[in-house]
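Hi,

Here is the structure I promised to pass on.

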Amino acid sequence: MTTYLDAIADAIRIEMRKDQSVFMIGEDIGVYGGAFKLTKGFLAEFGPQRIIDAPISEAAIMGAGIGAALNGMRPIVEMQFMDFITNGFNQLVTVAATTAYRWGIPVPMVVRGPSGGGVGANPFHSRNSEAWFAHATGLKVVCPATAADAKGLMTASIRDQNPVVFFEHKGLYRKIKDEVPEGEYVVPLGQAKVVREGTDVSVITYGSAVHMALEAATMLEADGASVEVVDIRTLVPLDEETILQSVRKTGRAVVAHEAVLTAGFAGEIASRIADSAFTFLDAPVKRVAAYDSPTPFAPTLEKAVLPNAEKIAEALRSVLAF
Amino acid sequence: MTNNTRVELLKYMIMAREFDASMLRLYRQGKAFGGVYSQLGNEAVSVGSAMALDPTQDVLFPMHRNVGAHFVFGATIDQMMQNQLAREGSQMRGTDGTGHYADPRLRIYGNVSHLGAMIPVANGFVLAGKLRGENTVALTYIGDGGAQVGEVHEALNFAAVHKLPLVLIIENNQYAYSTPNSQEFAVDQLSKRAIGYGIHGETIDGTDVELVLKTCQAAVARARRGEGPSIIETQTMRMRGHAEHDDFSYVPKELLDEWALRDPVNTYSAKLIADGVISSEEVKQLRDTTLDQMIASIDRTLELPWPDASEGFKQVFL
């Protein structure tokens with residue numbers, strides 16, 4: 001059994017051993033081994049040329065990644081917390097995301113780091129900002145929920161020719177452990193996974209909300225309802241077909257994510273279901289997401305604004321009762 | 001400096017000048033669209049700096065007013081014309097224009113409109129070279145306005161810490177769109193910022209192409225020796241508006257008149273004639289031939305169709 005954090009580190013280590021063009025750059029990733037110790041031991045194995053500690057300058061770090069990618073490397077850029085990606089936002093959305101379209105030159109770069117709330121970390125260490133990047137055009141967006149997927153999707157992201165924004169959930173780092181294949185392991189980007197089969201209602205979800213949805217599905221068993229859970233795994237590219245297949249089968253859908261509701265990715269998924277599976281629906285599509293606020297600090301507040309299994313179960317019951 | 005090099009400098013400055021003049025004509029004729037950004041009066045900076053590099057191993061990150069640098073690195077007039085006029089066959093497929101051109105075969109990686117954004121990227125390019133044990137130097141540019149963007153600071157500090165082979169030209173052409181130097185920064189010379197990064201910095205006359213070349217050659221040599229980045233501030237005047245839609249009435253006429261006397265193409269032509277390197281007849285011939293090349297290229301380019309609309313849906317991902 002491997003943790004989500006170790007699975008990601010394992011994927012990076014394997015690619016770095018195999019491919020000299022893969023290197024890492026970030027803040028405190030060398031001697032310190034990263035704020036979450038994901039790169040523990042990396043400096044000793046790969047040396048300071050390939051595990052580069054940079055000044056606190058997310059734009060400079062992001063740009064260094066882009067430029068190195070233009071010059072034949074496969075950089076992995078660490079954001080110490082994904083919240084700080086805002087300081088490198090221009091580099092990512094203005095330069096990295098448009099280079100293929102404008103110049104036809106690949107930017108094979110992974111920007112990764114811990115995102116998400118639920119750990120009492122304050123509004124600036126808890127954000128789920130994946131929807132911003134899904135909206136940027138030209139960036140792939142990955143949100144793994146399990147250790148095995150985290151490994152397989154990381155391998156695929158490193159090997160991809162395009163810039164990939166890889167959202168790790170810090171709450172899952174050491175909480176989730178599963179069977180992770182040894183050695184090289186690839187989960188292709190753009191393939192959703194039915195993580196629990198059911199017949200009455202579908203939960204379309206990703207990231208930490210996959211675990212909430214599975215818990216909710218168990219709760220609903222007591223009501224005699226059979227809940228299907230689809231983990232989309234990547235927002236861009238989006239596996240629309242697997243989502244639609246599930247909804248056509250169950251006729252009901254709840255879309256859930258930990259990010260805030262308004263203009264969240266759940267709206268995109270709900271809209272695609274409405275467009276392409278309308279006649280299969282027996283109830284309106286419902287969304288479960290965080291309250292539209294920054295992620296608060298105190299546990300009472302944070303627990304109240306973030307989604308959880310109970311909130312998803314409640315949505316499922318209302319959709320089933322429609 | 002050999003006579004050959006001196007004639008080359010003049011030749012590229014005239015190419016830049018005539019290309020620029022062609023774009024201004026095309027804009028007035030309604031044949032060029034979008035922003036047309038003139039480098040009139042700044043040719044010595046583009047040409048002199050790019051001539052300091054070795055195009056077989058170095059890399060150019062030009063700004064939108066650096067057409068002269070593109071030519072020095074081997075871009076053809078037709079190629080630049082197709083890019084500017086967004087015709088079929090242009091390298092950008094019609095997806096972008098306005099000087100944002102890349103040609104990896106020529107080791108040119110252009111700009112984006114967010115000034116300063118490509119300096120961190122230039123860092124990354126040479127960082128990769130360093131990791132592979134190559135000796136690539138990057139030359140890039142920023143304006144007196146763009147130098148106030150935070151990414152420039154981050155990139156310079158990063159380049160200084162990692163001793164990256166980077167040469168940054170700050171093209172101080174006195175105005176950032178309509179905003180004069182006095183409202184952009186409070187230091188008397190932007191190159192003094194180098195002290196804060198622990199790197200080399202100097203301010204020079206940007207109308208003197210040989211001075212620009214020599215100063216950049218020294219910066220490139222330092223970079224290649226592993227001594228890290230340099231800032232070179234070049235003092236010039238933007239002789240047109242921000243782009244051609246702008247009548248630049250906010251610039252005092254006396255200031256323009258004063259700088260017109262220092263026109264880099266005219267002063268360098270006169271210098272080479274005085275030094276007996278080239279005759280005035282040969283200069284005239286060079287300008288006429290270059291103009292003819294521009295006219296022929298415009299004719300060829302305007303005959304090309306627009307890119308097929310299907311290009312708009314391609315290549316968001318590779």
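Starting with the second largest pocket: α7(A) gives the most to its lining, with four residues. Helices here are DSSP runs (H or I, at least four residues), as strands are (E, at least two), numbered from the N terminus. A pocket is an open set of points on a 1 Å grid over the protein atoms alone, where a 1.4 Å probe fits, with protein on both sides within 12 Å along at least five of seven lines; lining residues have an atom within 4 Å of a point.

This is a predicted model: local features need pLDDT of at least 70 and side-chain atom pairs 80 or more, while totals for chains, interfaces and linings use all residues. Residues are numbered from 1 along each chain as its sequence is written, chains are lettered from A and ligands numbered from 1 in the order written, and side-chain values use heavy atoms, without hydrogens and water.

The second largest pocket holds about 470 Å³ of space. Among its 21 lining residues, Gly118(A), Lys175(A), Met212(A), Pro307(A) and Asn308(A) are the closest to its centre. Domain 1 (2–178) and domain 2 (193–321) of chain A each supply at least three of the lining residues.

The largest pocket has about 610 Å³, and Ala131(A), Trp132(A), Ala134(A), Ala263(A) and Phe265(A) are the closest to its centre out of 32 lining residues. Both domains of chain A contribute to that lining, so the largest pocket lies between them.

As for α3(A), 13 of its 13 residues are buried (under 20% relative accessible area, 1.4 Å probe, protein chains only). Just after α3(A), Gly72(A) has a positive phi of about 85°.

Cheers

Note on methods: Buried < 20%, exposed > 50% of the residue type's maximum accessible area, 1.4 Å probe, protein only. Points joined across faces, edges and corners; volume = space filled by probe spheres on them. Domains from an automatic or database assignment.
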